Amino acid sequence: MLHFILRRLLLLIPVIVGLTIIMFAIARLLPGDPVALAAGPNATQAEIAALAVEYGLDKPIWVQYGTYVSGLVHGDLGTSLLTRRPVAADIKAYLPATLELVFAAMFIAVVVGIPLGLVTAVWRNRWPDYLAQVGAIGAISMPRFFLGLLLQLCFAMWLMWLPLGGRLPIVVIPPRFVTGFLTIDSLIAGNWNAFFMSLRHLALPAIAMSLSPLATIMRMMRASTIEVMQQDYVMTARALGLPSRKIITKYVARNAVSATLTVIGLYFGWLLGGTVLVETVFDWPGLGLYATKAIVSQDMMPVIGVALVIGLLFVFANLVIDLLYGVINPKVRYS
Amino acid sequence: MTVPLLSIRDLHLRMSSFDGRAHVLNGINLTVNRGEIWGLVGESGCGKSLTGLSVSRLQPTPPAHYTAGEILLDGQDLLKLSPAQMQRLRGNRIGMIFQDPTTNLNPAFRIGEQLVDVALAAAQHDPAVMDCPPNASRHARRQAARKLAGEMLARVGIPNALARLDDYPHQFSGGMRQRVLIAMALIGRPDLLIADEPTTALDVSVQAQILELIKNSVKDFDMGVVLITHNLGVVAQTCSHVAVMYAGNIVESGPVAAVIGNPVHPYTRALMSAIPTRETKRGALRGLAGSVPNLIVPPPGCRFAPRCQFALPACVAAMPASVPVGDSHAVACIRATEMEALVDD
């Protein structure tokens with residue numbers, strides 16, 4: 001077990017090396033002068049040159065790469081040209097907001113998608129199934145930002161049940177920073193008001209993000225449930241008098257979930273890298289917004305930093321999924 | 001006269017397919033009493049497994065469709081029961097064992113848990129299954145079911161049974177898995193056990209052990225058994241009675257000694273002559289010419305007539321009725337009485 005985890009963690013090294021090389025190469029290939037952009041429209045040539053020297057951007061690219069990698073070993077992700085702050089500090093400030101959003105979205109997707117997949121498999125080719133399949137196609141094909149706008153229009157503008165955007169109202173004092181997840185931090189602080197406020201703010205963006213993974217998880221779960229229901233051991237369970245409800249919710253569900261796990265892991269990474277539009281629509285101060293601003297101003301250090309962090313999280317998410325396989329399927333655990 | 005444990009009377013089953021409706025069971029009659037082991041033999045597709053699945057009503061309808069007949073368990077017609085009533089009988093009155101022990105246990109659960117769930121389901125309808133009152137706490141009931149599961153495992157010959165309850169199916173060998181499945185089928189104390197090719201996937205030495213186990217269980221639990229197989233050797237070794245099936249009909253049935261010692265129906269004779277013995281010379285083994293008939297458009301009259309060397313014009317006129325040729329030995333052939341003379345010629 002430990003051996004397995006260590007081996008998977010060693011895999012992170014080629015991921016980091018590959019990501020940094022690719023990102024540095026892209027930074028070089030992009031047209032335009034990031035230093036001039038950062039120095040501002042009225043800067044003189046001398047000022048621009050001074051800024052380049054300050055950030056080490058006058059040196060050849062491989063020297064820059066070397067400096068970056070040696071910094072990385074100490075947890076230094078470089079400095080942003082735009083905010084003039086260390087990238088690591090920026091990411092620490094923005095990452096929790098994105099993670100909170102992604103976790104909330106995946107939570108909704110899994111908690112709703114898996115039972116819905118089971119139910120539609122049992123009722124396949126009857127009207128609840130057809131309804132869910134049509135809904136799923138709609139959810140998968142609708143762009144997330146558009147869905148976000150619709151949700152805002154409906155629940156924030158017309159019904160006025162939920163706030164339009166942001167993580168907390170201005171009048172609510174945020175809880176002390178522990179995890180960076182406002183919901184968890186306010187619980188730790190025992191601040192119920194802040195907890196409910198942050199949940200209310202989280203609801204719409206999380207729903208907007210959750211619908212396409214939800215639909216995919218539901219369809220995967222439906223397909224694998226149908227497959228599992230045709231297995232011999234399900235026939236045996238029926239032949240020996242187990243109630244159908246127990247067969248489905250206990251025996252079939254566990255076998256079917258393991259096929260769905262892969263999709264859950266992939267979606268987690270996909271959502272992490274794809275929060276930009278939802279964050280923009282809901283004014284959510286997360287990593288996506290941060291990375292977009294950096295890309296627009298050709299501020300490469302934050303872009304590389306964000307890509308690295310998302311890459312690492314993706315690898316971790318899939319490691320967790322692989323470990324979960326072992327929990328669900330004992331055969332994987334022992335071999 | 002006492003009511004027999006299982007009595008199948010004139011069972012007709014039609015199966016819908018893309019090509020049309022096949023008459024797969026064409027008037028099955030079978031009576032099984034407690035203490036009897038009935039072998040149901042025949043080649044693939046003759047309807048022997050379907051007969052077994054029909055008794056526990058596990059054949060989905062549609063595509064299957066029962067057009068006539070009844071299946072009486074202690075006098076109660078199973079074909080008239082609701083799915084919920086039927087579910088109560090399964091595991092509790094009717095136990096089943098299937099062919100492939102590697103695929104019939106759920107790979108994701110410990111075998112103890114699977115046994116416990118079957119025991120609890122059976123105890124819900126028959127509290128006598130385990131010594132724990134039905135109104136006891138959930139924990140106490142699971143505890144009792146687990147104790148019972150350990151006892152059953154030990155009974156079917158699994159060494160170190162209590163510890164092995166916490167193992168997963170893949171930690172058992174094929175023969176051991178079939179023992180676990182037998183324990184699972186017997187844990188609800190069924191009166192009737194249907195074993196569908198229980199030894200086909202096992203090697204011969206393990207096969208003998210499993211058959212011995214089934215034989216002993218019949219004595220211990222006072223059950224009746226329907227053993228479905230295509231292997232006459234298994235029948236001779238294990239069964240008290242045998243019914244030979246061909247294309248949806250039982251062509252010959254009776255005590256094993258009578259049917260195997262003195263086969264009458266031409267199909268049974270052909271089956272017997274296809275088994276090599278020590279005296280069989282190289283190249284002398286005779287197969288049966290022709291192949292199984294198309295059941296969507298079955299041949300008229302006796303379904304075996306097109307392959308039968310003794311067939312007469314009268315054979316294709318009507319289905320032959322079952323006629324007694326000895327003590328509870330019956331044959332569905334119009335030439336049954338003259339068969340001995342015919343073969344000697």
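What covers the buried residues of α6 in chain B? Hi everyone, let's work through that together.

A word on the model before we start: it is predicted, so local features need pLDDT of at least 70 and side-chain atom pairs count only at pLDDT 80 or more, while totals for chains, interfaces and linings use all residues. Residues are numbered from 1 along each chain as its sequence is written, and chains are lettered from A and ligands numbered from 1 in the order in which they are written.

Now find α6 of chain B, residues 174–186. Helices are DSSP runs of H or I with at least four residues, strands are runs of E with at least two, and both are numbered from the N terminus. This helix has 13 residues and reaches 18 Å from its first C-alpha to its last, close to the 18 Å expected; that expectation is 1.5 Å times one less than the number of residues.

Twelve of the 13 residues are buried, so α6(B) is largely enclosed by the rest of the structure. Buried means 20 or more other C-beta atoms within 10 Å of a residue's own, with C-beta atoms placed from the backbone. Among the buried ones are Gly175(B), Arg177(B) and Leu186(B).

And the cover? It includes β6 (94–97), α3 (111–125), α4 (138–155), β7 (192–196) and α7 (204–221) of chain B.

Zooming out, UniProt, in an unreviewed entry, places "domain: ABC transporter" at residues 6–272 of chain B; such annotations may be inferred rather than shown by experiment, and positions follow the numbering used here, with feature names shortened. That span is 39% helix and 26% strand, and its end C-alpha atoms lie 28 Å apart.

Methods
Two residues are in contact if their C-beta atoms, placed from the backbone, lie within 7 Å.
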